[in-house]
2 protein chains.
Amino acid sequence: MYSYQRLQSFAHNVFLKIGCPAGEASQASEALLSADLRGVDSHGVARLSGYVRLWEAGRVNASPEIKIVHETPSTAVVDGDRGLGLVVAPRAMEIAIKKAESAGTGWVAVRNTNHFGIAGYHASMALSHDMIGLVMTNASPLVAPTFSKERLLGTNPIAVAIPAKNQPPFIADFSTTTAANGKLEILQRKDEIAPLGWIQDEEGCPTENPYALENGGALLPLGSDREHGSHKGYCLGAIVDIFSAIFSGANYGPWVPPFVSFLPLSDDRVGEGIGHFIGAIRIDAFRPAEEFKTHMDNWISRFRNAETIPGKDRVLIPGDPEREFEIERLENGIPLNEKVISDLEKLSNKMGIEF
Amino acid sequence: MYSYQRLQSFAHNVFLKIGCPAGEASQASEALLSADLRGVDSHGVARLSGYVRLWEAGRVNASPEIKIVHETPSTAVVDGDRGLGLVVAPRAMEIAIKKAESAGTGWVAVRNTNHFGIAGYHASMALSHDMIGLVMTNASPLVAPTFSKERLLGTNPIAVAIPAKNQPPFIADFSTTTAANGKLEILQRKDEIAPLGWIQDEEGCPTENPYALENGGALLPLGSDREHGSHKGYCLGAIVDIFSAIFSGANYGPWVPPFVSFLPLSDDRVGEGIGHFIGAIRIDAFRPAEEFKTHMDNWISRFRNAETIPGKDRVLIPGDPEREFEIERLENGIPLNEKVISDLEKLSNKMGIEF
């Protein structure tokens with residue numbers, strides 16, 4: 001078990017070392033660690049060395065000049081100057097919140113940015129302003145649209161954070177695939193097969209092999225197959241791709257640059273970096289916030305107290321599992337698997353930063 | 001086969017007869033028939049007598065005074081005055097488009113409205129303005145959230161229409177369930193069983209019985225079960241419910257009034273009517289429309305020309321199947337099943353309108 005403070009301080013020092021200004025190193029480490037706290041182990045410190053390798057490859061700018069390049073009362077396009085998404089996305093959300101204060105809603109499309117950790121962290125920034133936060137990003141192509149053998153979309157997550165009154169907020173944060181990459185890694189570590197409907201092999205056929213993705217296969221859109229609605233998951237992933245990248249001028253579809261630095265960037269880019277789409281909706285642009293939040297409490301209690309199917313003891317509200325992880329891990333620490341520990345130790349040696 | 005003109009004219013006369021002003025009768029019949037044209041047979045003239053019964057039950061106001069009750073530069077709340085959703089939703093989209101012209105985006109939450117046919121019709125209104133249209137609505141509770149035995153959500157569809165340049169537009173229009181109600185009716189007519197993952201029975205157990213919904217069972221969120229991501233479909237349905245109804249002051253969750261008029265309205269309503277959420281995004285609020293649409297063409301060609309999995313000859317772009325139906329049915333007519341024909345004949349007799 002590793003304490004939150006210890007891991008955040010390590011990440012903070014690593015970001016300082018690669019040249020992030022102090023405030024941004026702090027922002028980046030907080031955003032990164034929020035994944036570990038919330039139980040999304042694939043998106044937290046496990047990725048720290050990956051971010052450093054992107055910086056070494058010249059793909060991440062540690063002190064970016066993040067700029068608004070176009071705007072209207074409710075929209076803006078932001079150029080992230082190759083910054084860490086962990087820093088660029090919160091900046092974009094601040095702009096969206098500011099727009100929402102005056103125009104009712106704010107919508108910011110971001111180009112020339114990098115992976116931003118978990119979408120839910122950024123969406124949740126809107127909550128304390130009595131706003132709804134909405135965040136999406138495109139990502140490296142690992143997903144085959146319905147009927148496609150080729151990988152053309154990323155796991156393209158969507159997060160929506162909605163405040164309530166006495167209930168904790170509703171925070172949905174999900175990839176638009178049946179299962180995201182991190183779940184395959186867990187199966188590989190446990191030497192287990194994958195449920196049918198998660199992946200297809202390099203020929204485009206259903207498979208239970210959790211290594212199929214490494215062997216040229218693809219993740220499947222939410223819905224798994226046509227009969228179970230995979231065309232809807234494909235629609236969602238496509239909408240995230242278009243909103244994140246075609247609004248902003250980032251790369252889209254199969255042109256999105258890979259997260260891993262050892263894969264070369266494609267020669268025929270269609271934009272700059274990856275793209276995010278970030279929105280803030282001021283609640284009282286529709287209805288007094290107190291009234292809205294009272295109804296949210298009612299919604300949440302009704303759903304949480306629903307009768308359950310056999311073998312299950314409660315219906316969850318989006319955000320419940322992550323919040324429970326956060327409480328538990330702030331108290332008892334964050335478990336890391338051996339591969340991640342050895343990776344962090346190597347990083348510690350390389351950078352001369354105590355782990 | 002029935003010609004589009006014949007069916008639209010019949011629907012138009014029926015709407016006139018119940019008291020719709022001429023312009024609104026024309027709008028309602030066009031919106032309704034767009035479903036038949038696009039192959040969404042469950043949402044077109046098959047529902048005409050249902051709308052009339054709602055009017056007979058006093059739940060539909062044929063000449064509503066549709067009003068903006070609150071607004072900011074980029075948002076509005078609209079009271080539909082119990083109008084047909086087929087009329088209220090296009091009005092709300094017009095308001096959203098107007099807001100988007102000045103503020104960059106426009107977002108309209110609608111309460112006190114009724115079912116609006118297919119979401120894609122309303123979303124597509126934005127296209128000719130070089131805008132993206134986004135439309136969602138909540139609906140009668142038929143769907144059980146993950147782990148719930150109770151039906152708490154509607155099939156809550158989302159539609160997003162995005163213009164391209166030389167390619168036809170991208171139009172996604174999908175329920176947030178594995179399969180919508182209309183598909184069960186098709187199975188019942190063919191005397192076939194339902195794929196596992198579409199429905200659960202009244203105990204909350206998986207079932208292949210296509211009549212399970214009538215017997216107290218429930219439709220399942222997109223993803224089918226927890227292992228295949230049904231919690232993500234549940235999140236989507238919940239977001240549609242909250243955006244459509246809690247922003248606007250409509251009924252939400254299990255309180256949404258049933259579409260069928262023979263079921264009584266609940267006594268403990270939490271709002272007025274059902275709710276829609278309707279948005280328009282001006283493309284050049286982000287980027288010159290020509291540039292955006294050129295990239296959309298590139299996106300669409302790349303996906304349409306992707307290599308396919310065995311047994312499939314092409315990857316579809318959202319909107320392709322509906323557009324092909326529309327071309328074919330405008331030319332050759334619209335097929336109706338016997339039950340629908342007999343229903344329309346009864347309606348014809350009752351209202352004294354030639355069918």
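First, the conventions. Residues are numbered from 1 along each chain as its sequence is written, and chains are lettered from A in the order in which they are written. The model is predicted, with local features needing pLDDT of at least 70 and side-chain atom pairs counting only at pLDDT 80 or more, while totals for chains, interfaces and linings use all residues.

I start where the chains meet. Chain A puts 67 residues into the contact, and chain B puts in 67 residues; two residues are in contact if their C-beta atoms, placed from the backbone, lie within 7 Å. On the side of chain A that touches chain B, α8(A) gives the most, with 7 residues. Helices here are DSSP runs of H or I with at least four residues, strands are runs of E with at least two, and both are numbered from the N terminus. By class, this side of chain A has 37 nonpolar, 21 polar and 9 charged residues. Nonpolar means Ala, Val, Leu, Ile, Met, Phe, Trp, Tyr, Cys and Pro; charged means Asp, Glu, Lys and Arg; the others, Gly among them, are polar.

Next, a helix pair in chain B. How far apart are the axes of α1(B) and α2(B)? Helix α1 (residues 4-17) and helix α2 (residues 22-37) of chain B have axes 8 Å apart and pack at about 140°. Axes are lines fitted to C-alpha atoms, for helices over the stretch in contact, and angles run from 0 to 180 degrees between N-to-C directions. The two helices, α1(B) and α2(B), are therefore oblique to each other. Angles under 35 degrees count as roughly parallel, over 145 as roughly antiparallel, 65 to 115 as roughly perpendicular, and the rest as oblique. Residues making this contact include B:F15 of α1(B) and B:L33 of α2(B). Its classes are 11 nonpolar, 4 polar and 2 charged residues.

Last, the sheet. In chain B, 7 strands form an open sheet with mixed pairing, in the order β1-β2-β3-β10-β4-β5-β6. Strands pair if DSSP finds at least two bridges between them. At the edges are β1 (67-72) and β6 (170-174) of chain B, each pairing on one side only. Inside the sheet, β4 (residues 131-137) and β10 (residues 274-282) of chain B run antiparallel, joined by 7 bridges. Opposite B:M136 stands B:F277 in β10(B). Helix α7 (residues 230-246) of chain B packs on this sheet, its direction making about 95° with that of β10(B).
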